[in-house]
Amino acid sequence: MDKKALLSLTPEELKAELSAYPAFRAKQIFSWLHKGKDFDEMTNLPAAMRQTLKESYTAQPVSLLTEKVSQLDGTRKLLYALEDGNCVEGVLMHYHHGYTLCLSTQVGCRMGCAFSASTLNGCVRNLSSAEMLGQVHCANRLIDGDRISNIVLMGSGEPLDNYDETVRFLRMVSHDEGLNIGLRHISLSTCGLVPRMRRFAEEGLPVTLSLSLHAPNDTIRRQLMPIANTYAMDDVLDACRYYIEKTGRRVIFEYALVDKLNSLPCHADELASRLRGMQCHVNVIPLNSVEEKALRGADEKAIRAFMGELENRHISVTRRREMGDDIDGACGQLRRHYLNDREEQPT
Ligand code: SAH
C-alpha cells in the first residue's frame, strides 16, 4: 500500500490525521516536516512513535538523484528521485537577491510544444503538492544555512493542467507556519489554458503569471504550440487582462526566439500591436537547442533587432539571462539524458 505523504497536509488536516496522538505532537511534526526533516531527525518524538509513523507515512518524498553544477555561473541542475521510481528535474539559480528554484509540476508534459524536451514522451503523471514541496526541501538541503526565496513553476509539466495540486502547493509553500515563501516571490508559467487561467485569477493568490506566448499571431503559434489549436491568442490575451484586473499584477510574456519563424522585426511589430495598452512585460528567451528537435534559435543580431523594435513601440522587454548553458539548461534535457543513459546500460 502507498504510504500517505504528510507534507501536503495543512496543520488542521495533520491534526485530524494524527488524532490518535496528543495535539501538540501534530504541531511538532508539522514544524519538522516543513523544515525538510525526515522522521529519524524528529528528535523530540519518542523513538517508538517515529517508527510507527514511518510504517504508514512518508515525510520527505523527494531525494536528490544527481546534480550538475555550471562552471560558468554556479547554476545547479538537479535531478530528483520520486518514491515510485520516476524522476523530475529542477534548476537552482543564485542571484544577488537570493536563491531561485525552478520547479516541476508533472513527470513529463502533454502539451507537445515543438521546442520542449519535457514533452517528448508525453505526461507520465501529475506531481502531488507534497512532491512539489519536497523539491524545495531537497534544494534547501543543498544550500545548507541558506534558503530558497523565489520559486518559478517553469520546470517540466503544465501547472494549470495539474490545477488542484498546484494550488494546494501554493497555499502550503506560503503558509506562515511552513516555508513561508511569499506568493509575490513565486511565478507560475502556463502555455495558456484559458478557462483555468480565469479560475486561477479568482483564487486570491497574488503570484506572477508568466504566459508562454512565443508568437505574434495564431498561425505561427500553432506551429510551435499545439494548445494554440484549442485557444485563440485573443482569448489567451483576454484571460491575461482578466488576471491583471483581478490581481493588480502585470503579466510576463515569455517569447523564445526561433530562427526566422517568429523573430523578424515584423513579428516584433505585430506583437507590440497585440500587447498595446496592457500592463505587461516581455521576456525574450534565446532558444536552448534540444537535440531531438530541428528548431534553431535566432542569432544575436536578430535578438537585438527584435528587442529594439519592441522598445521602439514602448513595450517593456528584457532578455532572460542564460544560466547554466553548459549543463543541459533547457527544461527536460537532464532527465532525458539520464533516462537515455539508463536504457543504454546492460541489465
Ligand atoms: N508548461 C508551462 C511551464 C513549463 S515551460 C509553460 O508552458 O509555460 C517553461 C518555459 O520554458 C516556457 O516559457 C518555455 O517556453 C521555456 N522553454 C521550454 N523549452 C525551451 C527551450 N528549448 N529553450 C528555451 N526555453 C524553453
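The legends below describe views of a predicted model. Residues are numbered from 1 along each chain as its sequence is written, and side-chain values use heavy atoms, without hydrogens and water. Local features need pLDDT of at least 70 and side-chain atom pairs count only at pLDDT 80 or more, whereas totals for chains, interfaces and linings use all residues.

**View 1. The chain as a whole.** The chain holds eleven helices and 14 strands (DSSP runs: H or I of at least four residues, E of at least two, numbered from the N terminus). Its C-alpha trace spans about 70 × 55 × 40 Å along the principal axes.

**View 2. The shell around the ligand.** The ligand is surrounded by 17 residues (a heavy atom within 4 Å). Closest are Ser189, Ser212, His214, Glu254 and Asn288. The shell comprises seven nonpolar, eight polar and two charged residues (Asp, Glu, Lys and Arg count as charged; Ala, Val, Leu, Ile, Met, Phe, Trp, Tyr, Cys and Pro as nonpolar; the others, Gly among them, as polar).

View 3. Pairs of N or O atoms within 3.5 Å are shown. A side-chain N or O atom of His214 lies 2.6 Å from a ligand oxygen atom, and a polar side-chain atom of Glu158 lies 3.0 Å from a ligand nitrogen atom. From Cys191, a backbone N or O atom is 3.4 Å from an oxygen atom of the ligand. The protein buries 93% of the 530 Å² that the ligand exposes when taken alone (Shrake-Rupley method, 1.4 Å probe).

**View 4. The second largest pocket.** This pocket (an open set of points on a 1 Å grid where a 1.4 Å probe fits, with protein on both sides within 12 Å along at least five of seven lines) contains about 320 Å³ of space. Its lining has 15 residues (an atom within 4 Å of a point), with Asp2, Lys3, Ala5, Glu83 and Glu131 nearest the centre. Helix H4 (129-142) and strand E1 (4-5) each give two or more residues to this lining, and H4 gives the largest share, three residues.

Conventions:
Grid points are joined across faces, edges and corners, and a volume is the space filled by probe spheres set on the points. A polar contact is a pair of N or O atoms within 3.5 Å; within protein, one must be able to donate a hydrogen and the other to accept it, and residues adjacent in sequence count only if both atoms are side-chain atoms.
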